[in-house]
Amino acid sequence: MLSALATLAETTKRMLGHTHTPPCPPNPSEEASTVLGQAWRSCTPTPVPTGERFDLVRVDETLGHLARHSLRVRGIRCGAVFADHGSWHFFVPPGSAALPPAMDWPQAVTYVTGQHVTIPARGARAALGTALHWITRDPPGYLFTAPIPLWAALCAFTARPDTTITGMKR
């Protein structure tokens, strides 16, 4: 049985293209601080490298808002999301660009890996009027959004751009 589980894990790892997976913290609510270290707690915007410990999925604000709301109403945890000049950035595990066959990220998505990005200061919020700010850091400590459900939500809204969700609040 163990070898079947190991094979499944190896297949899943290859299928998602993960060449390096960040260490799993003992407590999942410490995911963000384990992956981002001091940058997660910094009081100033901090440049961090993508590609080894995390990647980003960047979309425009409207698409990001629709996708985030869609995940939440379906009970799928959405990790930390930040905005930078009208683009929303979702944290995903490294290597998530390599989706299973016949699944490509929509054209409206920019997949960010292998470059430095600046994440907002811990307390940066839209209400403070900064272009670089957090949309959400809830639930506390969780960083990643599952790439497959995010992909599905983004595909749904890019296929039908006039779609709205009843009851959605900005």
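Tutor: Rings of Phe, Tyr and Trp (its six-membered ring) form an aromatic pair if their centres lie within 6.5 Å; planes under 30 degrees apart count as stacked, over 60 as edge-to-face and the rest as tilted. The model is predicted, so local features need pLDDT of at least 70 and side-chain atom pairs count only at pLDDT 80 or more, while totals for chains, interfaces and linings use all residues. Residues are numbered from 1 along each chain as its sequence is written, and side-chain values use heavy atoms, with hydrogens and water left out.

Student: How many aromatic pairs does a search of the whole structure find?

Tutor: The search covers the whole structure. Its count of aromatic pairs is six.

Student: Is the pair of F91 and W134 stacked or edge-to-face?

Tutor: The ring centres of F91 and W134 are 6.3 Å apart.

Student: Is F91 buried or exposed?

Tutor: Buried means under 20% relative accessible area, exposed over 50%, and partly exposed in between (1.4 Å probe, protein chains only). F91 has a relative accessible area of 0%, so F91 is buried.

Student: Why does W134 count as buried?

Tutor: The reason lies in its accessibility. W134 counts as buried because its relative accessibility is 2%.

Student: Which residues do ring pairs link into a cluster?

Tutor: The cluster includes F91 and W134.
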